[in-house]
Amino acid sequence: MSVQVLLPGVLADLAGGARRLEVDPADGTLAGLLDVLAATHPVLERRIRDEAGAVRRFVNVYVDGDDVRFAAGLATPVPAGAVVQVLPSVAGG
């Protein structure tokens, strides 16, 4: 079961420059997908999740366009063929 993870340039640098990653989530959830990312790209994973394993406050994650904060969070299902976008918040004025 393959899922596509899309990363902006600032995070792609932490994944060897790849803006698109093909990932097979361990258990079909966002948590499982992030666990797989942690194993292959630990520095990237530390920018996405905090020490407790929660998605960092200023990182937005979308599964097929839906914000996981308004879905089931880390338990959000990630079906085969899904597109997961990871976007750090940008501050400025």
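Is Asp-64 buried, exposed or partly exposed? Asp-64 counts as partly exposed, at 46% relative accessibility. Here buried means under 20% relative accessible area, exposed means over 50%, and partly exposed lies in between (1.4 Å probe, protein chains only). Asp-64 sits in the loop between E3 and strand E4 (66-67). Its phi is near 50°, a positive value in a residue other than glycine.

A word on the basis. This is a predicted model, in which local features need pLDDT of at least 70 and side-chain atom pairs count only at pLDDT 80 or more, while totals for chains, interfaces and linings use all residues. Residues are numbered from 1 along each chain as its sequence is written, and side-chain values use heavy atoms, with hydrogens and water left out. Helices (H or I, at least four residues) and strands (E, at least two) are DSSP runs, numbered from the N terminus.

Now turn to helix H2, residues 30-40. Its buried residues are Leu-30, Gly-32, Leu-33, Leu-34 and Leu-37. What do the buried residues of H2 pack against? Their partners include four strands: E1 (3-6), E2 (20-23), E3 (59-63) and E5 (83-88). Helix H3 (42-48) is also a partner. Contact here means heavy atoms within 4.5 Å.

Next come the charged pairs. Side chains of opposite charge can pair when their charged atoms come close. A salt bridge is a side-chain nitrogen of Lys or Arg within 4 Å of a carboxyl oxygen of Asp or Glu. How many does a search of the whole structure find? The search finds three.

Start with Asp-35 and Arg-49. Their side chains meet in a salt bridge, at 2.8 Å from N to O. Asp-35 lies in helix H2 and Arg-49 in the loop between H3 and E3, so the pair ties together parts that are 14 residues apart in sequence. Asp-35 is partly exposed, with a relative accessible area of 42%. Arg-49 is buried, at 9%.

Arg-49 has another partner, Glu-45. The closest N and O atoms of that salt bridge are 2.4 Å apart. Glu-45 is buried, as is Arg-49.

Arg-56 and Glu-51 form a salt bridge too, with their closest N and O atoms 3.7 Å apart. Arg-56 counts as partly exposed, at 28% relative accessibility. Glu-51 is exposed, with a relative accessible area of 75%. Which residues do shared partners join into one network? They are Asp-35, Glu-45 and Arg-49.
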